[in-house]
Every structure is written in structure tokens, then in C-alpha cells.
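Work through the exercises below with the sequence and the model at hand. Each task is followed by a solution in steps.

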Amino acid sequence: AQAFQQLARHFESAQHLQNETRTALTYPAFLIVAAGLVMALFVYWLIPKFTTMFTTMGIELPLITKIVIGISDAARKFWWLIFAVAAGSFYGLRAYLGTETGQWTRDRLLLSAPLFKTLFTYIQLAEFSRGLTTLLESGVPLLSGLEILETSATNKIYGQAIGTVKDDFRRFQLALQWTTQSSAQQDIDPVEGRMGEPSRIREDDTWMRALDGKIIRPDFPRRH
């Protein structure tokens with residue numbers, strides 16, 4: 001029962017971390033929407049007034065000003081097409097992100113974007129560290145804990161990296177078991193290679209080195 005309670009707290013903390021991430025991204029999203037509204041105000045209301053004033057004065061306009069006025073006129077004339085393209089792009093992007101390929105692309109971009117790379121890397125590391133600590137304190141074996149974290153990872157790139165560590169650790173366990181059994185039969189030290197009592201290989205050092213290479217510094221593998 002205690003193990004299940006700790007697992008429940010782990011998933012609650014993971015959900016809380018996701019909510020904090022969404023809250024942190026609310027302000028940048030608000031700024032983007034506000035910037036879009038300001039641009040729409042300039043295109044549909046302010047620039048036409050300047051266009052009328054320049055036409056009345058009869059002065060020669062610079063090329064960049066003519067381009068801006070042309071964009072404004074096209075936006076006012078084909079506003080319905082702009083809204084249709086924007087709505088279609090929104091729903092198309094939403095449908096794409098609902099697919100397996102779209103989720104991989106999204107997670108790869110989040111870990112590569114200059115403005116969000118560090119933030120999302122720290123979020124994934126915090127999620128992994130909290131989850132693994134909770135599982136180990138609950139008495140869950142390391143291999144089973146890695147399997148749980150692989151399936152529950154919110155980022156598929158890190159989930160794949162955790163899966164790679166899990167597979168490497170499973171192979172290490174099998175190799176360690178085979179080496180220990182063989183050395184016990186021959187009474188040979190599996191590490192030193194000499195006669196005597198078999199020594200123990202430190203499993204924690206081995207999987208920590210694997211985590212350092214796969215989780216903390218992932219190479220963003222592509223999904224095949």
C-alpha cells in the first residue's frame with residue numbers, strides 16, 4: 001500500500017510539474033497574441049490612413065513603404081482568405097500533433113528551440129529525477145522503475161533515451177549474472193581475472209554512467 005501511495009504522489013507531482021510548465025508558457029503566448037492584434041490594427045486601420053495622407057500630398061514613397069502599403073491593401077482585400085488559411089493551419093497542426101509522428105516532431109523541436117531548450121531539458125531532468133527517486137524509495141527494482149519512467153515520460157525523446165538505458169542495464173545484468181556464474185564455477189575473480197573469491201561489480205556506477213550519457217546528454221535520436 002505504501003508503494004502505491006508513493007507512486008500516486010509521483011504521478012501527482014508530475015502532473016503538477018506539467019501544470020507549472022503550461023503556466024510559465026502562458027505569458028509568452030499572451031505576448032504573441034497581443035503582437036498579432038497590434039499588427040492587425042496597423043494593417044487594417046493605421047496604414048490606410050497614412051496611405052490616404054501620402055496620396056493627398058503627392059510625394060514619392062520609398063520602396064519599403066510601398067511594400068508595406070501593398071501588404072496592407074492585400075490583407076484588407078483578402079481578409080477572408082487569411083482567416084481561412086489560419087483556421088485550416090490551426091486545425092491541421094492540431095491533427096498532426098495528435099499523431100505519433102507529430103508528437104515526435106514536437107518533442108524534438110521543444111528540445112532544440114533556442115528559447116525553450118534549456119527550460120524543457122530541466123523539466124525533463126526534474127521529472128526523471130523525482131520519478132526515479134520515488135520508485136526506488138518505494139522498493140521498485142531499478143529495471144522496473146526505468147520501464148515505468150519510459151512509458152510515463154512526457155517527452156518521447158527522453159522516453160526513448162530512458163528505454164535505451166533500460167535495455168543497456170538489462171544486458172549488463174545478464175552479462176553480470178553469466179560472468180558471476182562462470183567465475184563461481186571456475187573460482188576466478190570476474191574483474192581481476194585471478195583465482196579467488198568473485199568480486200562484486202558496482203551496478204550503481206554502471207547505470208549512473210549510462211544515465212549520464214543517455215538522459216542528461218541525449219543525442220536526440222530519430223525515430224525509425
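**Exercise 1.** At what angle do helix 2 and helix 3 pack, and how far apart are their axes?

Solution. This is a predicted model, in which local features need pLDDT of at least 70, side-chain atom pairs count only at pLDDT 80 or more, and totals for chains, interfaces and linings use all residues. Residues are numbered from 1 along each chain as its sequence is written, and side-chain values use heavy atoms, without hydrogens and water.

Step 1: locate helix 2 at residues 63-77 and helix 3 at residues 79-97. Helices are DSSP runs of H or I with at least four residues, numbered from the N terminus.

Step 2: the angle is about 80°, and the axes are 4 Å apart. Axes are lines fitted to C-alpha atoms over the stretch in contact, and angles run from 0 to 180 degrees between N-to-C directions.

Step 3: helix 2 is therefore roughly perpendicular to helix 3, a label for angles of 65 to 115 degrees.

Step 4: Ala-75, Arg-76 and Lys-77 of helix 2 make the contact with Trp-79, Trp-80 and Ile-82 of helix 3; contact means heavy atoms within 4.5 Å.

**Exercise 2.** Which side chains meet in a salt bridge at 3.5 Å, N to O?

Solution. Step 1: look for a side-chain nitrogen of Lys or Arg within 4 Å of a carboxyl oxygen of Asp or Glu. The structure holds seven such bridges.

Step 2: the pair is Glu-100 and Lys-156.

Step 3: Glu-100 lies in helix 4 (residues 100-110) and Lys-156 in helix 7 (residues 156-186), so the pair ties together parts 56 residues apart in sequence.

Note on methods. Helix = DSSP H or I, 4+ residues; strand = E, 2+ residues; numbered from the N terminus. Parallel < 35°, antiparallel > 145°, perpendicular 65-115°, else oblique.
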